[in-house]
Amino acid sequence: GTGGFAVFSTNDFKKSMARIMAELRTHYEISYVPASRVYDGKFRKIQVTVADPKLTIQTRDGYFALPELNGEAVQPFEQSALRFLSGGPRNDFAFRAAALRFKPLRDGYRFEMSFAMPLASLTMPQDGNTHKARVHAIFLALIKDAGGQVVDRVSREIDRDVPDERLEQFRRGETILTLPFEAAAGTYTIEAVAMDPEGNRASTKRISLVVPKPGESS
């Protein structure tokens, strides 16, 4: 959507380099700063139009309303999972999620976000040349405060190859993943998603979380 072209099956890069230089000399870049400071994790569409029909526009179709957390922007693998969360509840396969409370902090607690799903739920394409199957899953959770603002997120992409002879053994197993986060005393909502990228499927969960002050009963 934002441009780019491939050069392959040739050792002659003259025309391609000429095209690159021409585009560099004849393009404008427009930046956009959203007026809204509401970070609810939702996808917001962007539409760019120009008055001159001779101009070609290359632009993103939108963005996810997420703040930079710990200096990290949205990761590429997170974007597809965020799209499923923005699309409403999904239940394409069995999936469990929970926030487990552990170490007390000065004004809250450290938690472990736990994800679990049967590996049999995943689409595992097999490569006839390498005799291996791809095990690919994405897990993501948005932690929102009482006002609906995203205050933290945890995510992980699992992507590995499994020999064909071990595939059935893997299918009988389960993926269990825990990721840490911290939360101050208050009321939160956790929106979690497990995604099967190879099958373009996902399941989501919505969890209420009440964090007491350390020393108070929960």
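Student: What makes the link between the side chains of Glu112 and Arg110 a polar contact?

Tutor: The distance is 3.3 Å, side chain to side chain. A polar contact is a pair of N or O atoms within 3.5 Å; within protein, one must be able to donate a hydrogen and the other to accept it, and residues adjacent in sequence count only if both atoms are side-chain atoms. So 3.3 Å falls within the 3.5 Å limit. One caution: this is a predicted model, where local features need pLDDT of at least 70, side-chain atom pairs count only at pLDDT 80 or more, and totals for chains, interfaces and linings use all residues. Residues are numbered from 1 along each chain as its sequence is written, and side-chain values use heavy atoms, with hydrogens and water left out.

Student: Why is Glu112 called buried?

Tutor: Its relative accessible area is 16%. Buried means under 20%, exposed over 50%, partly exposed in between (1.4 Å probe, protein chains only). Since 16% is under 20%, Glu112 is buried.

Student: Where is Glu112, and what is it in contact with?

Tutor: Glu112 is in strand S4. Helices (H or I, at least four residues) and strands (E, at least two) are DSSP runs, numbered from the N terminus. Contact means heavy atoms within 4.5 Å. Leaving aside neighbours within four places in sequence, Glu112 is in contact with residues including Ala98, Leu100, Phe102 and Thr178.

Student: How do you know that Ser121 is buried?

Tutor: Ser121 has 12% relative accessibility, so it counts as buried. Its place is in the loop between S4 and S5. Beyond its neighbours within four places in sequence, Ser121 is in contact with Phe93, Ala94, Asp196 and Arg201.

Student: What does Glu72 count as?

Tutor: Glu72 is at 46%, so it counts as partly exposed. Glu72 lies in the loop between strand S2 (62-64) and H2. Not counting residues up to four places away in sequence, Glu72 touches Pro67 and Arg153.

Student: Why is Gly87 called exposed?

Tutor: The relative accessible area of Gly87 is 65%, so it passes the cut-off of over 50%. Gly87 sits in the loop between H2 and S3.

Student: What makes Phe95 and Phe115 a stacked aromatic pair?

Tutor: Two values are needed. A pair of aromatic rings is described by the distance of the centres and the angle of the planes. Rings of Phe, Tyr and Trp (its six-membered ring) pair if their centres lie within 6.5 Å; planes under 30 degrees apart count as stacked, over 60 as edge-to-face and the rest as tilted. Phe95 and Phe115 are 6.3 Å apart, centre to centre, with 15° between the planes. So the rings pair, and the pair is stacked. The structure holds 5 aromatic pairs.

Student: Which parts does that pair tie together?

Tutor: Phe95 lies in the loop between helix H2 (76-86) and strand S3 (96-104), and Phe115 in strand S4 (residues 108-118), so the pair ties together parts 20 residues apart in sequence. Phe95 is buried at 5%. Phe115 is buried at 1%. Together with Phe139, Phe95 and Phe115 form one aromatic cluster.
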